Amino acid sequence: MIRNSINLLTKKLISSTSCQRTRMRCFSSGATNLVDVNVNDKTGIAVVTLNRPPVNSLNLELLTDLSKTLDELESNRSKGMILTSSSKTVFSAGLDILEMYNPEPERSKAFWTALQDVWLKLYGSPYPTAAAINGHSPAGGCLLAICCEYRVMVNDFTIGLNETRLGISAPSFFISSFRNVLSTREAEKALTLGTMFSSDEALKVGLVDEIATDKADSINKCENFLLEFKKVSSMARAFTKQSLRKKDLEELENNREQDLQLFLFAINQPIVQKGLGAYIQSLKKK
Ligand SMILES: CC/C=C\CC/C=C/CC(=O)SCCNC(=O)CCNC(=O)[C@H](O)C(C)(C)COP(=O)(O)OP(=O)(O)OC[C@H]1O[C@@H](n2cnc3c(N)ncnc32)[C@H](O)[C@@H]1OP(=O)(O)O
(Lines give C-alpha, C1' and ligand atoms only; values in the text may rest on other atoms or scores of the structure.)
Protein backbone atom coordinates (compact mmCIF):
# COMPACT_ATOMS: atom_id res chain seq x y z
CA MET A 1 0.00 0.00 0.00
CA ILE A 2 1.46 3.30 -0.98
CA ARG A 3 0.08 6.23 0.89
CA ASN A 4 1.25 9.81 0.57
CA SER A 5 -0.64 11.33 3.43
CA ILE A 6 0.48 14.81 4.37
CA ASN A 7 2.06 15.44 7.69
CA LEU A 8 -0.78 16.69 9.83
CA LEU A 9 0.68 15.65 13.13
CA THR A 10 2.65 18.75 13.92
CA LYS A 11 -0.24 20.99 12.91
CA LYS A 12 -2.43 19.23 15.41
CA LEU A 13 -0.13 19.39 18.38
CA ILE A 14 -1.81 20.94 21.33
CA SER A 15 -0.23 21.47 24.67
CA SER A 16 -1.92 20.74 27.96
CA THR A 17 -0.62 20.74 31.51
CA SER A 18 -0.94 16.99 31.90
CA CYS A 19 0.78 16.39 28.60
CA GLN A 20 3.72 18.62 29.55
CA ARG A 21 4.06 16.93 32.95
CA THR A 22 4.37 13.49 31.38
CA ARG A 23 6.45 14.62 28.40
CA MET A 24 3.61 13.77 26.05
CA ARG A 25 2.48 15.40 22.87
CA CYS A 26 -1.27 15.19 22.52
CA PHE A 27 -3.49 15.56 19.52
CA SER A 28 -6.90 14.48 18.46
CA SER A 29 -7.73 12.79 15.23
CA GLY A 30 -9.95 15.23 13.47
CA ALA A 31 -13.24 16.98 13.24
CA THR A 32 -15.19 14.67 15.52
CA ASN A 33 -12.45 13.99 18.11
CA LEU A 34 -13.41 10.41 18.78
CA VAL A 35 -9.80 9.28 19.01
CA ASP A 36 -7.18 10.80 21.31
CA VAL A 37 -3.49 10.44 20.68
CA ASN A 38 -0.66 10.93 23.18
CA VAL A 39 2.86 10.59 21.87
CA ASN A 40 5.55 10.01 24.49
CA ASP A 41 8.41 12.38 23.61
CA LYS A 42 11.01 10.07 25.06
CA THR A 43 10.01 6.81 23.38
CA GLY A 44 8.06 8.11 20.38
CA ILE A 45 5.31 5.61 21.18
CA ALA A 46 1.75 6.82 20.61
CA VAL A 47 -1.10 5.79 22.88
CA VAL A 48 -4.25 5.92 20.73
CA THR A 49 -7.44 6.00 22.79
CA LEU A 50 -10.87 5.20 21.35
CA ASN A 51 -13.22 7.71 22.90
CA ARG A 52 -16.81 7.20 21.82
CA PRO A 53 -18.88 6.57 24.95
CA PRO A 54 -20.56 4.53 26.14
CA VAL A 55 -19.06 1.46 24.42
CA ASN A 56 -16.82 2.65 21.56
CA SER A 57 -19.09 1.05 18.99
CA LEU A 58 -17.45 1.59 15.62
CA ASN A 59 -19.62 3.94 13.58
CA LEU A 60 -18.62 5.82 10.43
CA GLU A 61 -17.25 8.81 12.37
CA LEU A 62 -15.12 6.77 14.78
CA LEU A 63 -13.72 4.67 11.92
CA THR A 64 -12.94 7.82 9.92
CA ASP A 65 -11.11 9.38 12.86
CA LEU A 66 -9.17 6.19 13.50
CA SER A 67 -8.26 5.94 9.84
CA LYS A 68 -6.91 9.52 9.84
CA THR A 69 -4.92 8.81 12.99
CA LEU A 70 -3.31 5.76 11.37
CA ASP A 71 -2.35 7.91 8.37
CA GLU A 72 -0.74 10.47 10.66
CA LEU A 73 1.21 7.86 12.58
CA GLU A 74 2.53 6.39 9.36
CA SER A 75 3.50 9.70 7.80
CA ASN A 76 5.29 10.64 11.03
CA ARG A 77 7.22 7.37 11.06
CA SER A 78 5.78 6.43 14.41
CA LYS A 79 7.96 4.34 16.70
CA GLY A 80 4.93 2.33 17.76
CA MET A 81 1.28 2.48 18.70
CA ILE A 82 -0.71 1.24 21.66
CA LEU A 83 -4.46 1.03 21.02
CA THR A 84 -6.72 1.34 24.05
CA SER A 85 -10.07 2.72 25.20
CA SER A 86 -11.32 5.55 27.40
CA SER A 87 -14.02 3.28 28.87
CA LYS A 88 -13.45 1.47 32.16
CA THR A 89 -15.18 -1.71 31.00
CA VAL A 90 -15.32 -1.82 27.20
CA PHE A 91 -12.40 -1.79 24.75
CA SER A 92 -14.86 -1.66 21.83
CA ALA A 93 -18.32 -3.17 21.40
CA GLY A 94 -17.50 -3.82 17.75
CA LEU A 95 -19.32 -2.43 14.77
CA ASP A 96 -22.13 -0.07 15.61
CA ILE A 97 -25.17 -2.22 15.00
CA LEU A 98 -27.19 0.87 14.18
CA GLU A 99 -25.00 1.34 11.08
CA MET A 100 -26.32 -1.99 9.80
CA TYR A 101 -29.94 -1.76 10.95
CA ASN A 102 -32.35 -0.13 8.47
CA PRO A 103 -29.31 0.87 6.42
CA GLU A 104 -29.15 4.01 4.32
CA PRO A 105 -27.32 3.01 1.08
CA GLU A 106 -24.72 5.79 0.76
CA ARG A 107 -23.86 5.80 4.44
CA SER A 108 -23.57 1.99 4.52
CA LYS A 109 -21.09 2.13 1.65
CA ALA A 110 -19.02 4.82 3.36
CA PHE A 111 -19.17 2.89 6.64
CA TRP A 112 -17.89 -0.38 5.20
CA THR A 113 -15.26 1.38 3.10
CA ALA A 114 -14.00 3.14 6.25
CA LEU A 115 -13.80 -0.23 8.03
CA GLN A 116 -11.82 -1.71 5.14
CA ASP A 117 -9.47 1.31 5.25
CA VAL A 118 -8.88 0.92 8.99
CA TRP A 119 -8.19 -2.79 8.63
CA LEU A 120 -5.73 -2.32 5.75
CA LYS A 121 -3.89 0.46 7.58
CA LEU A 122 -3.79 -1.22 10.99
CA TYR A 123 -3.08 -4.80 9.88
CA GLY A 124 -0.46 -3.60 7.39
CA SER A 125 1.10 -0.79 9.41
CA PRO A 126 4.88 -0.43 9.08
CA TYR A 127 5.21 0.67 12.73
CA PRO A 128 4.74 -1.87 15.54
CA THR A 129 1.37 -2.09 17.20
CA ALA A 130 -0.04 -3.43 20.47
CA ALA A 131 -3.51 -3.47 21.99
CA ALA A 132 -4.05 -2.67 25.67
CA ILE A 133 -7.45 -4.37 25.95
CA ASN A 134 -8.92 -2.72 29.00
CA GLY A 135 -12.47 -4.01 28.64
CA HIS A 136 -14.82 -6.26 26.69
CA SER A 137 -13.84 -6.73 23.08
CA PRO A 138 -16.50 -8.50 21.01
CA ALA A 139 -16.55 -8.81 17.19
CA GLY A 140 -15.18 -5.63 15.56
CA GLY A 141 -13.52 -4.79 18.91
CA CYS A 142 -11.66 -8.08 18.74
CA LEU A 143 -10.84 -7.31 15.09
CA LEU A 144 -8.97 -4.14 16.08
CA ALA A 145 -7.04 -6.06 18.74
CA ILE A 146 -6.04 -8.91 16.43
CA CYS A 147 -4.79 -6.48 13.80
CA CYS A 148 -2.16 -5.47 16.35
CA GLU A 149 1.00 -7.49 16.79
CA TYR A 150 0.67 -7.93 20.56
CA ARG A 151 -2.26 -8.01 22.95
CA VAL A 152 -2.34 -7.41 26.69
CA MET A 153 -5.75 -7.92 28.27
CA VAL A 154 -6.98 -6.75 31.63
CA ASN A 155 -8.50 -9.55 33.73
CA ASP A 156 -12.22 -10.27 33.94
CA PHE A 157 -13.31 -9.20 30.47
CA THR A 158 -14.27 -11.09 27.31
CA ILE A 159 -12.97 -11.14 23.76
CA GLY A 160 -13.89 -12.97 20.56
CA LEU A 161 -15.51 -12.95 17.14
CA ASN A 162 -19.12 -13.71 18.06
CA GLU A 163 -20.72 -12.92 14.68
CA THR A 164 -22.41 -16.33 14.27
CA ARG A 165 -24.29 -15.61 17.52
CA LEU A 166 -25.78 -12.61 15.72
CA GLY A 167 -26.80 -14.79 12.77
CA ILE A 168 -24.08 -13.43 10.50
CA SER A 169 -20.77 -14.77 9.28
CA ALA A 170 -17.55 -12.93 10.08
CA PRO A 171 -16.27 -11.22 6.92
CA SER A 172 -13.21 -12.80 5.27
CA PHE A 173 -10.73 -10.18 6.51
CA PHE A 174 -11.94 -10.75 10.09
CA ILE A 175 -11.26 -14.45 9.57
CA SER A 176 -7.81 -13.98 8.05
CA SER A 177 -6.60 -11.76 10.88
CA PHE A 178 -8.03 -14.21 13.45
CA ARG A 179 -6.19 -17.05 11.73
CA ASN A 180 -3.00 -15.00 11.85
CA VAL A 181 -3.21 -15.27 15.66
CA LEU A 182 -4.84 -18.66 16.29
CA SER A 183 -4.29 -22.06 14.71
CA THR A 184 -6.75 -22.87 11.93
CA ARG A 185 -8.32 -25.48 14.23
CA GLU A 186 -8.85 -23.07 17.13
CA ALA A 187 -10.02 -20.31 14.77
CA GLU A 188 -12.60 -22.57 13.13
CA LYS A 189 -13.95 -23.77 16.46
CA ALA A 190 -14.19 -20.27 17.92
CA LEU A 191 -15.60 -18.65 14.77
CA THR A 192 -18.30 -21.25 14.16
CA LEU A 193 -19.36 -21.26 17.80
CA GLY A 194 -19.03 -17.48 18.13
CA THR A 195 -16.97 -18.03 21.29
CA MET A 196 -16.37 -15.13 23.64
CA PHE A 197 -13.23 -16.00 25.64
CA SER A 198 -12.57 -14.84 29.19
CA SER A 199 -9.18 -13.13 29.64
CA ASP A 200 -7.68 -16.37 31.03
CA GLU A 201 -9.14 -18.50 28.24
CA ALA A 202 -7.87 -16.00 25.67
CA LEU A 203 -4.37 -16.28 27.15
CA LYS A 204 -4.53 -20.06 27.15
CA VAL A 205 -5.57 -20.31 23.51
CA GLY A 206 -3.05 -17.60 22.42
CA LEU A 207 -5.59 -14.95 21.49
CA VAL A 208 -3.84 -12.57 23.90
CA ASP A 209 -0.17 -12.53 24.89
CA GLU A 210 -0.32 -11.31 28.49
CA ILE A 211 -2.83 -10.55 31.22
CA ALA A 212 -2.74 -7.25 33.12
CA THR A 213 -4.18 -6.16 36.44
CA ASP A 214 -5.47 -2.81 35.14
CA LYS A 215 -5.25 -0.39 32.23
CA ALA A 216 -1.95 1.18 33.37
CA ASP A 217 -0.39 -2.27 33.69
CA SER A 218 -1.65 -3.25 30.22
CA ILE A 219 -0.16 -0.09 28.69
CA ASN A 220 3.17 -0.69 30.48
CA LYS A 221 3.31 -4.24 29.17
CA CYS A 222 2.49 -3.11 25.64
CA GLU A 223 5.20 -0.46 25.91
CA ASN A 224 7.77 -3.05 27.02
CA PHE A 225 6.91 -5.14 23.97
CA LEU A 226 7.23 -2.17 21.61
CA LEU A 227 10.52 -1.04 23.17
CA GLU A 228 12.08 -4.38 22.22
CA PHE A 229 12.09 -3.11 18.63
CA LYS A 230 14.63 -0.42 19.54
CA LYS A 231 17.27 -3.04 18.76
CA VAL A 232 15.83 -3.89 15.34
CA SER A 233 16.06 -2.06 12.02
CA SER A 234 12.64 -0.48 11.48
CA MET A 235 12.81 -1.13 7.74
CA ALA A 236 13.68 -4.81 8.16
CA ARG A 237 10.97 -5.09 10.81
CA ALA A 238 8.26 -3.50 8.66
CA PHE A 239 9.22 -5.52 5.59
CA THR A 240 9.10 -8.77 7.54
CA LYS A 241 5.70 -8.00 9.07
CA GLN A 242 4.21 -6.91 5.75
CA SER A 243 5.62 -9.97 3.98
CA LEU A 244 3.98 -12.26 6.51
CA ARG A 245 0.65 -10.42 6.15
CA LYS A 246 0.91 -9.79 2.39
CA LYS A 247 -1.51 -12.48 1.22
CA ASP A 248 -4.25 -11.34 3.63
CA LEU A 249 -3.73 -7.69 2.70
CA GLU A 250 -3.79 -8.40 -1.02
CA GLU A 251 -6.89 -10.52 -0.65
CA LEU A 252 -8.86 -7.50 0.56
CA GLU A 253 -7.06 -4.89 -1.56
CA ASN A 254 -7.86 -6.87 -4.72
CA ASN A 255 -11.45 -7.59 -3.74
CA ARG A 256 -12.65 -4.45 -1.99
CA GLU A 257 -15.66 -3.87 -4.23
CA GLN A 258 -16.77 -7.50 -4.00
CA ASP A 259 -16.38 -7.44 -0.22
CA LEU A 260 -18.43 -4.22 -0.07
CA GLN A 261 -21.20 -5.68 -2.25
CA LEU A 262 -21.30 -8.80 -0.10
CA PHE A 263 -21.73 -6.67 3.03
CA LEU A 264 -24.49 -4.58 1.40
CA PHE A 265 -26.25 -7.70 0.17
CA ALA A 266 -26.01 -9.38 3.59
CA ILE A 267 -27.31 -6.47 5.64
CA ASN A 268 -30.21 -5.96 3.25
CA GLN A 269 -31.56 -9.47 3.75
CA PRO A 270 -34.85 -9.40 5.70
CA ILE A 271 -33.70 -12.26 7.91
CA VAL A 272 -30.51 -10.37 8.84
CA GLN A 273 -32.52 -7.20 9.56
CA LYS A 274 -34.89 -9.20 11.76
CA GLY A 275 -31.96 -10.69 13.67
CA LEU A 276 -30.24 -7.33 14.14
CA GLY A 277 -33.51 -5.76 15.31
CA ALA A 278 -33.98 -8.50 17.90
CA TYR A 279 -30.35 -8.14 19.00
CA ILE A 280 -30.70 -4.38 19.50
CA GLN A 281 -33.81 -4.98 21.62
CA SER A 282 -32.01 -7.62 23.69
CA LEU A 283 -29.18 -5.17 24.41
CA LYS A 284 -31.65 -2.49 25.46
CA LYS A 285 -33.59 -4.86 27.74
CA LYS A 286 -30.48 -5.80 29.74
C1 LIG B 1 -20.97 -10.28 5.10
C2 LIG B 1 -20.89 -9.81 6.46
C3 LIG B 1 -22.02 -8.97 6.92
C4 LIG B 1 -21.96 -8.31 8.00
C5 LIG B 1 -20.78 -8.32 8.86
C6 LIG B 1 -21.05 -7.68 10.11
C7 LIG B 1 -19.93 -7.81 11.06
C8 LIG B 1 -20.14 -7.44 12.31
C9 LIG B 1 -19.12 -7.38 13.32
C10 LIG B 1 -19.56 -6.64 14.56
O11 LIG B 1 -18.75 -6.03 15.19
S12 LIG B 1 -21.22 -6.68 14.99
C13 LIG B 1 -21.30 -5.98 16.63
C14 LIG B 1 -21.15 -7.06 17.62
N15 LIG B 1 -21.10 -6.51 18.93
C16 LIG B 1 -21.66 -7.11 19.96
O17 LIG B 1 -22.24 -8.16 19.86
C18 LIG B 1 -21.53 -6.41 21.29
C19 LIG B 1 -22.85 -6.01 21.84
N20 LIG B 1 -22.69 -5.31 23.10
C21 LIG B 1 -22.44 -5.93 24.26
O22 LIG B 1 -22.30 -7.13 24.35
C23 LIG B 1 -22.37 -5.07 25.47
O24 LIG B 1 -22.93 -3.82 25.16
C25 LIG B 1 -20.93 -4.84 26.00
C26 LIG B 1 -20.42 -6.15 26.65
C27 LIG B 1 -19.99 -4.40 24.90
C28 LIG B 1 -20.97 -3.72 27.09
O29 LIG B 1 -21.91 -4.06 28.08
P30 LIG B 1 -22.41 -2.89 29.07
O31 LIG B 1 -21.26 -2.14 29.58
O32 LIG B 1 -23.30 -3.56 30.05
O33 LIG B 1 -23.19 -1.86 28.16
P34 LIG B 1 -24.67 -2.02 27.55
O35 LIG B 1 -24.86 -3.38 26.98
O36 LIG B 1 -25.65 -1.54 28.57
O37 LIG B 1 -24.61 -1.01 26.31
C38 LIG B 1 -24.66 0.41 26.52
C39 LIG B 1 -25.36 1.03 25.31
O40 LIG B 1 -24.60 0.75 24.16
C41 LIG B 1 -25.41 0.08 23.18
N42 LIG B 1 -24.57 -0.85 22.43
C43 LIG B 1 -23.84 -1.86 22.88
N44 LIG B 1 -23.16 -2.46 21.90
C45 LIG B 1 -23.49 -1.81 20.76
C46 LIG B 1 -23.11 -1.98 19.39
N47 LIG B 1 -22.25 -2.90 18.98
N48 LIG B 1 -23.63 -1.13 18.49
C49 LIG B 1 -24.52 -0.16 18.87
N50 LIG B 1 -24.91 0.04 20.15
C51 LIG B 1 -24.39 -0.79 21.08
C52 LIG B 1 -26.47 -0.65 24.01
O53 LIG B 1 -27.59 -0.94 23.24
C54 LIG B 1 -26.74 0.37 25.09
O55 LIG B 1 -27.57 1.36 24.51
P56 LIG B 1 -28.68 2.12 25.40
O57 LIG B 1 -29.39 3.01 24.43
O58 LIG B 1 -29.57 1.04 25.98
O59 LIG B 1 -27.89 2.86 26.45
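This is a predicted model: local features need pLDDT of at least 70, side-chain atom pairs count only at pLDDT 80 or more; totals for chains, interfaces and linings use all residues.
1. Residue numbers start from 1 along each chain as its sequence is written.

2. On confidence, the average pLDDT of the chain is 91, and 89% of the residues score at least 70; pLDDT is the predictor's confidence in each residue, from 0 to 100. The stretch to be careful with is residues 1-22, where pLDDT is below 50 and the model has 25 contacts beyond near neighbours in sequence. A contact here is two residues with C-beta atoms, placed from the backbone, within 7 Å. The model scores are ipTM 0.98 and pTM 0.92.

3. For the overall picture, 43% of the 286 residues in the chain are buried. Buried means 20 or more other C-beta atoms within 10 Å of the residue's own, exposed means 12 or fewer, and partly exposed is in between, with C-beta atoms placed from the backbone. Of the contacts with a separation of 6 or more, 72% come from residues 24 or more positions apart.

4. Have a look at β3 (residues 45-50), where six of six residues are buried. I45, V47 and T49 point one way, while A46, V48 and L50 point the other way, and all are buried.

5. β2 (residues 35-40) runs antiparallel to β3, joined by five bridges, with V37 as the bridge partner of V48. The hairpin of β2 and β3 has four residues between the strands, and G44 in that hairpin takes a positive phi near 80°. With β4 (residues 80-85), β3 pairs in the parallel sense over six bridges, and L50 stands opposite S85. Pairing requires at least two DSSP bridges between the strands.

6. There is also an open sheet of three strands, in the order β6-β8-β9 with mixed pairing. β6 (137-138) and β9 (197-198) are at the edges with a single partner strand each, so one side of each has no neighbour in the sheet. β8 (residues 158-160) pairs with β9 in the antiparallel sense over two bridges, and T158 stands opposite S198.

7. Now α5 (residues 172-179). Its buried residues are F173, F174, S176, S177 and F178. They pack against α3 (105-123), α4 (140-147), α6 (184-193) and α9 (234-253).

8. α11 is another story. With 16 residues, α11 reaches 23 Å from first C-alpha to last, close to the 22 Å expected at 1.5 Å a residue; the expected span is 1.5 Å times one less than the number of residues. Of its 16 residues, the number buried is one, so α11 lies largely in the open.

9. Finally, the ligand. Its shell holds 28 residues, the closest being A93, G94, L95, A139 and G140; near means a C-beta atom, placed from the backbone, within 6 Å. α10 (256-267) and α11 (270-285) each supply at least two residues of the shell, and α10 gives the most, with four. By class there are 17 nonpolar, seven polar and four charged residues, where Ala, Val, Leu, Ile, Met, Phe, Trp, Tyr, Cys and Pro count as nonpolar, Asp, Glu, Lys and Arg as charged, and the others, Gly among them, as polar.
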